Amino acid sequence: MATRLGLALPQNKQYDLGRDVPDVARAAETVGYESLWVYERALFPEPATQGLYGIEGLPWPDDYRGVADPLVTLTLAAAATERARLGTSVLVAPLHVPFQLAKSLATLDAASGGRVVAGLGTGWSHDEYAAAAVRPFEERGQVLDEVIEVCRAVWGPDPVSYDGRTTKIAPAVVGPKPARPVPILLAAGNRKAQRRLVDHADGWMPVALSAESLAEQWQQLQDLAAERGRTEPIQTVVRTNARYFAQGYDGADRQPFHGSVDQIVEDLAAYAEVGLDEIFVDLQSTVRDAQELKDVAAAVYEKARAAGI
C-alpha cells in the first residue's frame with residue numbers, strides 16, 4: 001500500500017488567508033493529497049528571551065511572525081474541501097482551555113463529516129506560556145494529560161462529567177459530538193511522553209530528522225507498546241519541514257527535504273521505507289506565494305506517486 005501523503009496549509013505572514021487557504025486546500029485535494037495540516041505558534045517574542053526550541057542562542061525563524069490560528073485555518077479548509085483529513089501538527093495543548101478545545105475540535109469534526117486529526121504537544125516557548133497557558137510551564141505534561149481526558153469525556157456520551165485540576169464539568173449535555181472518534185496523536189519525543197502515547201493516545205506524530213533516526217524511534221515505540229501490553233495499532237504521521245530550491249541544493253550539508261522537487265521526492269522515498277502510515281510536507285516557508293505553493297506541491301505529489309511512494 002502506498003504511503004498516504006499530506007500537505008501543510010499556508011499560515012505564514014506572506015499569505016492572504018481568506019483567499020489562499022481555501023485555494024490551496026481545494027487544489028491539494030484535487031491533486032490527490034489525502035490530508036491537510038496546520039501548526040501553532042501563538043506569538044513572536046521581540047526581543048527573544050529564549051532560543052528556538054529552548055536552545056540558547058538559536059534564533060526564531062522570521063516565518064513565525066504572524067502565524068494564523070490553526071483551528072480557524074482548518075475551518076477555512078474544511079469549508080473548501082470534501083475528503084481530505086484535517087490535522088494539527090501540533091496544537092500546543094496547554095495553551096488552550098481543555099473544555100473549549102474539546103468542543104471546538106468536536107464541532108469542526110461534525111461540520112467536516114469526521115475528518116479531524118488532533119495532533120497535540122506541550123510546546124517549549126516560555127513566552128507563549130506566559131501569554132496563554134492555563135497552568136505554568138512546569139505543569140505542561142499534566143495539562144496535556146487532562147486535555148486528553150477532557151476530550152475523551154466531551155466527545156463521549158451524555159451526560160458528560162469530569163473533575164480535574166483545571167477542568168470541572170458537572171453532569172451536562174455537551175454537543176455537537178464528533179462525527180466519529182477523533183484520533184489523538186502525540187509528538188512524544190522522550191520516554192515519558194512515549195509512555196503517555198502508548199497508554200492514552202491513538203498515534204505518533206514525529207518530525208522528520210533522519211530516516212535512520214525515525215526508524216530507530218519507531219522501533220523503540222513499538223517495543224514499548226509491546227512491553228506495556230498495547231494491542232491496538234499505533235497510527236503514524238510524519239511531519240517534514242521542507243525548504244524548496246528551484247535549482248536544487250548541491251551542498252554537502254543538505255538537510256532532508258531541502259532542495260528541488262526531485263530531491264524532496266528522493267527524501268520522501270527514503271522515509272516511506274520506514275513503513276509509517278503517512279507523511280506530510282510543509283512547503284510554505286520558501287515558496288513565493290500560494291500559486292508557487294500549489295505548483296510545487298502538485299509536482300511533488302505527482303513525482304512521488306510515479307515513484308511508487
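These entries cover a helix pair and then a single helix with its surroundings.

Entry 1. I noted before starting that this is a predicted model.

Entry 2. I looked up how helix α2 (residues 70-80) sits against helix α3 (residues 98-112). Their axes are 10 Å apart and the packing angle is about 10°. Angles under 35 degrees count as roughly parallel, so I put α2 down as roughly parallel to α3.

Entry 3. I then listed the residues where the two helices meet. From α2 I have Leu71, Leu74, Thr75 and Ala78, and facing them from α3 are Leu101, Ser104, Leu105, Leu108 and Ser112. By class, the contact of α2 with α3 has six nonpolar residues, three polar and no charged.

Entry 4. I moved to helix α7 (residues 211-227) and checked its length. At 1.5 Å a residue its 17 residues should span 24 Å, and the end C-alpha atoms are 24 Å apart, which agrees.

Entry 5. Which residues of α7 are buried? I found Ala211, Leu214, Trp218, Leu221, Leu224 and Ala225. They cover an arc of only 145° around the axis, so they lie on the same side of α7. The general rule I had in mind is that an α-helix has 3.6 residues a turn, so residues three or four places apart point the same way.

Entry 6. I checked what the buried residues of α7 pack against, and wrote down α6 (191-200), β9 (203-204), β10 (235-241) and α8 (261-272). On the face turned away from the buried side, α7 carries the exposed residues Glu212, Glu216, Ala226 and Glu227.

Entry 7. Last, I looked just past the end of α7, where Gly229 takes a positive phi of about 80°.

Conventions:
Residues numbered from 1 in each chain as written. Predicted model: local features only at pLDDT ≥ 70, side-chain atom pairs only at ≥ 80, totals over all residues. Heavy atoms only, no water. Axes fitted to C-alpha atoms, helices over the stretch in contact; angles between N-to-C directions. Helix = DSSP H or I, 4+ residues; strand = E, 2+ residues; numbered from the N terminus. Parallel < 35°, antiparallel > 145°, perpendicular 65-115°, else oblique. Contact = heavy atoms within 4.5 Å. Nonpolar A, V, L, I, M, F, W, Y, C, P; charged D, E, K, R; others polar. Expected span 1.5 Å × (residues − 1). Buried < 20%, exposed > 50% of the residue type's maximum accessible area, 1.4 Å probe, protein only. Arc of directions from axis to C-beta.
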